[in-house]
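Subject: Structure handover

Hello,

Here is the structure I said I would pass on. Please open it beside this email, and read the notes below with both in view.

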Amino acid sequence: MSKETASPSLLTAVKELPGNVWKSLFRNPLPTNDLERSSTSFTNFFLHIHPVKVHKNTLRPSYTLGLGLISFFLFMILVVTGILLMFYYVPSTTQAYDRMLDLRGSVAFGTILRNMHRWSAHGMVAVVVMHLCRVFLTGSYKKPREFNWVLGVVLLLLTLLMSFTGYLLPWDQLAFWAITVGTAIAGYAPIVGKDIQFLLMGGSTVGQEALLRFYVLHVAVLPAVLTLSIAIHFWRIRKDGGLSRPADADPTPPMEMAGSAADPRPSTLDGKKTYGLQGLVRGPLTKVNNIPDNTVFSWPNLFMSELFVFVMTLAVVLVLALLFNAPLEEPVNVMHPPNPAKAPWYFLGLQEMVSYSAFWGGIGVPGIFVGLLLLTPYLDRSPKGVGKWFSRDRLLANTIFLTFLLANVIFVIIGTFFRGPNWAFVTPW
Amino acid sequence: MAVSRRRMLAWITGTGLVGSGVLSAISNFVFIKPRATYGQPQRFSIGKPDDYPAGTRIALDARRICVVREGNRIAAVSTTCTHLGCIVGLADTGFACPCHGSRFDSDGTVTGGPAPRPLPWYKITLAPNGEIEVDKDTEITPGSYLTL
Ligand code: FES
């Protein structure tokens, strides 16, 4: 046993076990200096998506309102509660509704899980729309962020599709008639409409096949697409140089420092890199151009604000889930739509428009609207007014956007409060 | 002039890969398009004429039709809204749809709301056993009754 003096004895190994496991998991102790602060984000897989340093403007709560983060956290809550709900759900027309009642009656935490899932879904629709407004009203879709804006619009559509496929699953009256109407709207699309309708329903009427299809879309296909798109959306933020900020947020380096004017070999890196990342992490702390900058370390500044936003989001969802129960209507009655048969609030604007014309309300106007949104960064090429709320330079664009938004809000309000039985106009007072 | 062997191989490989990608994408759609659907039969019997006394309008919700009898004439009007497929309810003035407010008179003609077409009438025949048979696959011109 004398040979073992070279390696520590088993006893020592056991004694040091917790510490060694910890160290193998986390490469750095809690940081105490700038070098360690950079290493923390640099060497941790989950923090690695963040830059080592972020611009101060990014952390201004009044600039981003944290909306993108909130949407993401709501999505995470939806994934977790959704997976848990899957343990008790059966996508069968004869069982689905009973399973909903089971959640209420005989499953531990069933009600609160379902409530959390429902309210997070509503919240996600609202917050994603607000995030879109924030990005538009601060001009953040402009170069080089055009594609990330497009991805964002796709994410909004995916969010709406997720919620649409979700509310067939309880197989209650809302579910059945909303899907009947929703798929019929798809049927109005030119050329491929009828095929899409048939593919969605897996038959010519809403029934077992439709329920199964919507279930697969809701729990597998759409989440996969959504997750991938979110990943690219985040990755693009890094590649596009972080969140947008006004031009005057960065101090310009003195002319003699920039020095590239006389350089005969212009490099594509010029003007983009202000410090060497490797140099920062591995030390010594060298900056390419020794200029003052407005960045702070992600640890702890960014991470703490993210943690704060997460805790707040979770808290709000929990409180809502404790206070308000997600509605469950009568079981499906294929013979009688409820009267009036109303969609959830965020689709009521659409329903209101559809009550004027199925094609224009359901396909035409929304299609033009989405098309315009997608094209926005390619139509508005002026680089001015980025990074400021309601910048004077963007008066026209903002006005058009707000007009569309307001029209939609008005339609939602009419649909919610001013429509009664047989979709007749009523006054709520 | 001659295409080099390497180029040629690159072309074949490229076309092969892209082609199989496109084909597999299409085959997904073929896969999810059901070949057979098991809905309700579109031809069915709705009982004897005596079940529908003269002057009544009886909605058979499960079949999504309304049986109209006037004197000794009888007809079957669809109760599926031509707008977005909700079931229209019987109203004093004919039919009314709860979803987006389409209104039809008792013949199924649109009198208000967004419905683009009148409610279709279905072919109705008297089977040898004396029962009425409705064929939802065949639409007939509105207003043509079967005289008993
Ligand atoms: S489905 Fe009847 S009015 Fe819309």
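**Salt bridges within the chains**

A network of salt bridges links B:Arg43, B:Glu133 and B:Asp135. Please keep in mind that this is a predicted model. B:Asp135 counts as buried because its relative accessibility is 11%, and the cut-off for buried is under 20%.

How many salt bridges does the structure hold over all chains? There are nine. Two of them, both inside chain A, are described next.

A:Arg419 forms a salt bridge with A:Glu352, with the closest N and O atoms 2.8 Å apart. This pair links distant parts of the chain: A:Arg419 is in the segment after H17 of chain A, A:Glu352 is in helix H15 of chain A, and 67 residues separate them. Are these two residues buried or exposed? Both A:Arg419 and A:Glu352 are buried.

A:Asp34 and A:Arg37 also form a salt bridge, and their closest N and O atoms are 3.3 Å apart. These two residues are three apart in helix H3 (residues 34-43) of chain A, so about one helical turn separates them. An α-helix has 3.6 residues a turn, so residues three or four places apart point the same way. A:Asp34 has 35% relative accessibility and therefore counts as partly exposed.

**Helix H17 of chain A**

Helix H17 of chain A covers residues 395-417, which is 23 residues. At 1.5 Å a residue it should span 33 Å, and its end C-alpha atoms are 32 Å apart, which agrees. Which residues of H17(A) are buried? They are A:Asn398, A:Phe401, A:Val412 and A:Gly415.

Strand S2 (residues 57-60) and strand S3 (residues 65-70) of chain B run antiparallel and are joined by four bridges. One example is B:Arg57, whose bridge partner in S3(B) is B:Val68. The two strands form a hairpin with four residues between them, and B:Arg64 in the turn has a positive phi of about 60°.

B:Ala2 is in the segment before helix H1 (5-32) of chain B. B:Ala2 counts as exposed because its relative accessibility is 73%, and the cut-off for exposed is over 50%. From B:Ala2 to B:Ala59 is 57 residues in sequence and 76 Å in space, C-alpha to C-alpha.

**Where the two chains meet**

In chain B, 23 residues are in contact with 29 residues of chain A. The area buried between chain B and chain A is about 2000 Å², and carbon and sulfur atoms give 63% of it. On the chain B side, B:Leu84, B:Pro98 and B:His100 lose the most area to chain A, together 30% of what that side buries.

Five residue pairs are in polar contact between chain B and chain A. The count of salt bridges between chain B and chain A is one. B:Lys33 forms a salt bridge with A:Asp195, and the closest N and O atoms are 3.7 Å apart.

Regards

Notes. Residues are numbered from 1 along each chain as its sequence is written. Chains are lettered from A and ligands numbered from 1 in the order in which they are written. This is a predicted model: local features need pLDDT of at least 70, side-chain atom pairs count only at pLDDT 80 or more; totals for chains, interfaces and linings use all residues. Side-chain values use heavy atoms; hydrogens and water are left out. The expected span of a helix is 1.5 Å times one less than its number of residues. Buried means under 20% relative accessible area, exposed over 50%, partly exposed in between (1.4 Å probe, protein chains only). Two strands pair if DSSP finds at least two bridges between them. Contact means heavy atoms within 4.5 Å. Buried area is the accessible area (1.4 Å probe) that two parts lose on being put together, summed over both. A salt bridge is a side-chain nitrogen of Lys or Arg within 4 Å of a carboxyl oxygen of Asp or Glu. A polar contact is a pair of N or O atoms within 3.5 Å; within protein, one must be able to donate a hydrogen and the other to accept it, and residues adjacent in sequence count only if both atoms are side-chain atoms.
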